[in-house]
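Open the model in your viewer and keep the selection panel at hand. The stops below say what to select and what is there.

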Amino acid sequence: MTLTPIGCGADPPSPDVYDQRLAWDDCGDGFECARLRVPLDYRDPQREELSISVIRLPATGDRVGSIVINPGGPGGSGIDYGRAARSVLSPQVRDRFDVVGFDPRGVGESAPVECLSDKALDAFLALDATPDSPAELTALEKASRRFANGCRAMSPRLLPHIGTANAARDMDVLRAALGDERLTYLGKSYGTHLGAVYADLFPDRVRALVLDGAVDPALSRVEMNEGQAEGFAVAFRAYARDCFTIPDCPLTSRTVDGAVAELSGLLRRTDGSPLRGEGREVTEALATLGALTPLYDRRSWPVLTEALRQASTGDGTLLLHSADQLVGRSQDGTYSNQTEANMAINCVDSPYPRQLSAFVKAANQAEQRTPGFGAYVMWSTLPCAFWPVPASEHNRPLVARGAPPILVVGTTRDPATPYGWARAMASQLESGVLVTFEGDGHTAYLNGSSCVDATVDAYLVWGRVPEDGMRCPEIE
């Protein structure tokens, strides 16, 4: 997810893309939709263009400008996130800003990257992703090569140009097309990386950025995988402590370490004996995904409780539903391109190890540190070892020298973007201001903390910058 400066030596975009104004059409429920023209290659901007899908919900009151939003991923649909604007942003913010979502290049409705058929993606995601025999390792390597080769075959024109730096440049073209002199932005999870890259490239065009559930731009890909596995482990331990307070908790050991061992044991058993699930085998990989998904939101912990209770009887249906939710699989067996876009963007944003032996070593170390999560998270990115185009950027701190104060929000027990990453991003950004939510779940704004909500709203609407290091308690 990290990048080196991309502006040096690059030709500027063709002037007419900055002169364009969006032609908005009604697209239902108070929303308007449009298409934005951007260069395919910012180093050769006159050659070919892409069409970016954009949606907005107009401000309800005294309009200040637009706020652009991104849900993360990478690969998450900004169009879908825009459709959820009424729950994504408070009434106070929606009163003053048009809420604008867009599908970044390679995602959803914006020249989506394609790699595998739905059936092939089913097989890839169900494959044993924690190989413990030469045959399983060979199968995973072959499947990962097929994924990478499929992207090359199905999306050859787009693949070299879908990284975060280009998406940030697209976002600046969008800012201009919206008529805003400076960008107001809310990015969550990977969206924090997109926002930080934007600020690093265009510090003088920043009005207010909220980066919620931040990543650490300086980490290597292996370090990032290790950190995310540890984040899931921290979140599961918090879930287990909460589960022990209910009378029918399926974790029978009644100790946190015992609960971790129970989950690890369940996942190991599914390696040889998959659970049943509505006509599909719930393999170890799918069961792991299904266990991780409810950790993203404390309000979903009861789903995990019931899923573990079902799994103890051999029924993996609820784990399967949770896994499908995370990877964008519909009940009819079709997928969004979320998984393919996620892989493609990550693989070009910064280098991964290119040797299988490096993945073996990293996965073994990660599993020792975080049993049940470490090996799976590490192996899930193996296609990047065989990626057909080189990584365009490298890991480095993002500074955004000269930008106005940028609000970085971190949650102490965030499963997907560990709290330490938010601290790191805030310290790297020259004008970073850290707000800490002492709680659970992935991201903080509009997730139950009135302290976080009021702080973010005041910053976005009135430009009130909180004290760096401000903490919002779990119980208010």
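Select helix 13, residues 317–327. Thr317, Leu318, Leu319, Leu320, Ser322, Ala323, Asp324 and Val327 are buried there; buried means under 20% relative accessible area, exposed over 50% and partly exposed in between, with a 1.4 Å probe and protein chains only. Eight of the eleven residues are buried, so helix 13 is largely enclosed by the rest of the structure. Helices (H or I, at least four residues) and strands (E, at least two) are DSSP runs numbered from the N terminus.

This is a predicted model: local features need pLDDT of at least 70, side-chain atom pairs count only at pLDDT 80 or more, and totals for chains, interfaces and linings use all residues. Residues are numbered from 1 along each chain as its sequence is written, and side-chain values use heavy atoms, with hydrogens and water left out.

What do the buried residues of helix 13 pack against? Show helix 5 (118–126), strand 8 (275–277), strand 9 (280–282), helix 11 (284–292), helix 12 (301–311) and helix 14 (338–349). Contact here means heavy atoms within 4.5 Å. Then step to Gly328, which follows helix 13 and has a positive phi, near 80°.

Start at strand 1. Two bridges join strand 1 to strand 2 (residues 32–39), running antiparallel. Asp26 has Glu32 as its bridge partner. The two strands form a hairpin with five residues between them, and Gly28 in the turn has a positive phi of about 90°. Strand 2 also pairs with strand 3 (residues 49–57), antiparallel over eight bridges. Pick Val38 and its bridge partner Leu50.

Move to strand 6 (residues 183–188) and strand 7 (residues 206–212): six bridges, parallel. Lys188 stands opposite Asp212.

Methods: Two strands pair if DSSP finds at least two bridges between them.
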